[in-house]
Amino acid sequence: MNKPPLLQVNNISKVFGATPALSDVSLEVSEGGIHSLLGRNGAGKSTLVNIIAGIYPPTTGDVLFEGRDIRSLNIFTRQELGIRLVPQHENSFPDLSVAENIFSGVLPTRGGLVDWKQINDVAAEELAAYGLAVDPRTLVRELSSIDARKLNIIRAMHSGAKLIILDEPTTALTNRERAELFTFVRELKARGTAFIFISHYLGEVLELSDAITVLRDGRMFPVDTSDHVSEAHLASLVAGEEVELAHRAIDRGPDADGVFLKVTDLHGDNLEGVSIDVRKGEILGVVGFPGSGAREFCRALFGLTRLDSGTITAGGQKVALPSPERAIAEGISYISYDRQREGIMPTFDVNENIGISSHAGKLRALGGFVNLALQRSLSEQYRQALKIKCNSIDDSMDSLSGGNQQKVIVSRLLNTDPRLLILDEPTVGIDIKSREEIISTILDLTHRGMSTIYLTNDYEELLRVADRLVFFDDGRIVTVLDNTDITIDELTAIRDREKEAV
Ligand SMILES: Nc1ncnc2c1ncn2[C@@H]1O[C@H](COP(=O)(O)OP(=O)(O)OP(=O)(O)O)[C@@H](O)[C@H]1O
């Protein structure tokens, strides 16, 4: 008798209240296979993998693992069988060591005492076997994001995973880190581990997958991978229409030579004398490794990291060292790379999440009240403009898919009518079509005079949008370039040269 596939999903449908999230979805994953799931934000990818992992049941349909119907098994029993979901957001314990994380709190004891030597020895062996060169005693908080992601996978392997579900594991990684993660995944695949891989990056999906399923509005579109598949074809399957990439127009808008932001000799957390002007209507691309000062620069301008000295002028006015409230009052808005922690108010509704930063601004009504009617009408406009997938603006944020929550945060920023928008990884987790909608909106606003500081590890995107590039290293700006005919390889080479020159 033929061995059944490792995983079989048969005719799954899922309805949340009035929302149909999945309709009649079936797929298979074979041992050592990589099956990718693609789809727009809200298409049903997380719902499907949550059903496979046993986080919630399907409305109809069944799931077989190694030929066995696992419908009645909860998440823990499924983990014991070998199904492991590695979610998008770090699920490790940052204040515990790497070894403690590998053992996930179930620590071996000897004579009633935790056997630290055994824990660290076993962890060291596993780290070496899977090629992660870190000391098992290091705190997870101190790991780089790539090492933290690898650790999540090693934790899954430690518990005997046969099928690992990776939900957007490459977000915010550099190209080199992505390549490293793929090598890691391929090595595990060669040993027979199977993967379900969720990503919005079509190139990497094509590079890695044995099988691809596109979900659109909860419906399934299997992709025939036996023949050549192009990114453009995948993009149109995902979006249900052609997707055009937005590009920065060379002719900039009015007053393009005026300076909006002037920063002189900033010193502070990881900043060692940073000076730069940002022109009106300019998109300034920011490049730098973690710890280079690039992110700290963005956060300092919004009052989120320590500034010791230096001057900032915005629109010709000197700004006292900023706090988020002051920054917003000066027309400066910031989107954090960590929206889960620093942006989303999960139990509030979409309307409140969009309006919150404008209560002291354009939504302020007489007597200090908030103009609720205006707030609703603006929220409704953003919902339509950015195609936020929800039943209404009264839906709670935690009922939205991850990417749609991000669109709400982008709407919140735009709603403050910023004169300077600071974007830190603005399109992470956003599907290909929505990404272009967001970029087009930003390009349009900059064309009308808004300045933008754009930090992303997605260099393809950065080169499409930026007018100039600033490279950070060791808390300093080391190179400033006009973005003319620079390739990704050249950009990476400049970034690496700066690092190696130190
Ligand atoms: N707990 C919930 N309550 C109500 N609706 C939900 C819930 N979870 C998901 N949904 C809805 O189900 C649909 C599918 O969401 P899902 O999270 O599966 O999308 P996704 O493809 O993973 O999107 P993303 O790429 O943004 O992460 C969306 O319309 C979402 O709003």
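Student: What makes Arg295 count as buried?

Tutor: In this predicted model, Arg295 has 22 other C-beta atoms within 10 Å. A residue is buried if 20 or more lie in that range, so Arg295 is buried.

Student: Where is Arg295 found, and which residues does Arg295 touch?

Tutor: Arg295 is found in helix α9. Not counting residues up to four places away in sequence, Arg295 touches Asp424 and Leu455. Arg295 and Asn270 are 25 residues apart in sequence, with their C-alpha atoms 9.4 Å apart in space.

Student: Why is helix α1 largely enclosed?

Tutor: The count for α1, residues 45-53, is nine buried residues of nine, so α1 is largely enclosed by the rest of the structure. Among the buried residues are Lys45, Asn50 and Ala53. Just after α1 comes Gly54, with a positive phi of about 90°.

Student: How do you know whether Ser451 is buried or exposed?

Tutor: Count again: Ser451 has 27 other C-beta atoms within 10 Å. The cut-off for buried is 20 or more, so Ser451 is buried. Ser451 lies in strand β20, residues 451-455. Leaving out residues up to four places away in sequence, Ser451 touches several residues, including Phe260, Val278, Gly281 and Arg419. Ala53 is 398 residues from Ser451 in sequence and 44 Å from Ser451 in space, C-alpha to C-alpha.

Student: What makes Tyr459 count as buried?

Tutor: Tyr459 has 22 C-beta neighbours inside 10 Å. Since 20 or more is what buried requires, Tyr459 counts as buried. Tyr459 is in helix α16, residues 459-465. Apart from its neighbours within four places in sequence, Tyr459 is in contact with Ile488, Leu491 and Thr492. Tyr459 and Thr492 are 33 residues apart in sequence and 8.5 Å apart in space, C-alpha to C-alpha.

Student: Why is Asp227 called exposed?

Tutor: Asp227 has 6 other C-beta atoms within 10 Å. Exposed means 12 or fewer, so Asp227 is exposed. Asp227 lies in the loop between β12 (219-223) and α8 (231-239). From C-alpha to C-alpha, Asp227 and Ala156 are 33 Å apart in space, and they are 71 residues apart in sequence.

Student: How do you know which class Asp485 belongs to?

Tutor: The number for Asp485 is 7 C-beta neighbours inside 10 Å. With 12 or fewer as the limit for exposed, Asp485 counts as exposed. The place of Asp485 is the loop between β22 (476-482) and α17 (488-501). Although Asp485 is not a glycine, its phi is positive, about 55°.

Student: And what makes Glu66 partly exposed?

Tutor: Glu66 has 16 C-beta neighbours inside 10 Å. Buried starts at 20, exposed stops at 12, and partly exposed is in between, so Glu66 counts as partly exposed. Glu66 is in the loop between β4 (60-65) and β5 (68-69). Phi of Glu66 is positive, near 50°, in a residue other than glycine.

Student: Why are helices α5 and α6 called roughly parallel?

Tutor: Helix α5 (residues 145-158) and helix α6 (residues 175-190) pack at an angle of about 15°, with their axes 10 Å apart. Angles under 35 degrees count as roughly parallel, so α5 is roughly parallel to α6. The crossing of α5 past α6 is right-handed.

Student: Which residues make the contact?

Tutor: From α5 come Ile146, Arg149, Lys150 and Met157, and from α6 come Glu177, Glu180, Leu181, Phe184 and Leu188. By class, the contact has five nonpolar, no polar and four charged residues.

Student: Which residues touch the most other members of the largest nonpolar core?

Tutor: Of its 65 residues, they are Val286, Phe297, Leu301, Ile422, Ile453 and Tyr454. Among the residues that Tyr454 touches, leaving out those up to four places away in sequence, are Ile283, Leu423 and Val465. A second, separate core of 62 residues includes Val9, Val25, Ile146 and Phe197.

Methods: Residues are numbered from 1 along each chain as its sequence is written. This is a predicted model: local features need pLDDT of at least 70, side-chain atom pairs count only at pLDDT 80 or more; totals for chains, interfaces and linings use all residues. Axes are lines fitted to C-alpha atoms, for helices over the stretch in contact, and angles run from 0 to 180 degrees between N-to-C directions. Helices (H or I, at least four residues) and strands (E, at least two) are DSSP runs, numbered from the N terminus. Angles under 35 degrees count as roughly parallel, over 145 as roughly antiparallel, 65 to 115 as roughly perpendicular and the rest as oblique. A crossing is left-handed if the near helix is turned anticlockwise from the far one by less than a right angle, and right-handed if clockwise. Two residues are in contact if their C-beta atoms, placed from the backbone, lie within 7 Å. Ala, Val, Leu, Ile, Met, Phe, Trp, Tyr, Cys and Pro count as nonpolar, Asp, Glu, Lys and Arg as charged, and the others, Gly among them, as polar. A nonpolar core is a set of buried Ala, Val, Leu, Ile, Met, Phe, Trp, Tyr and Cys residues joined through C-beta atoms within 7 Å.
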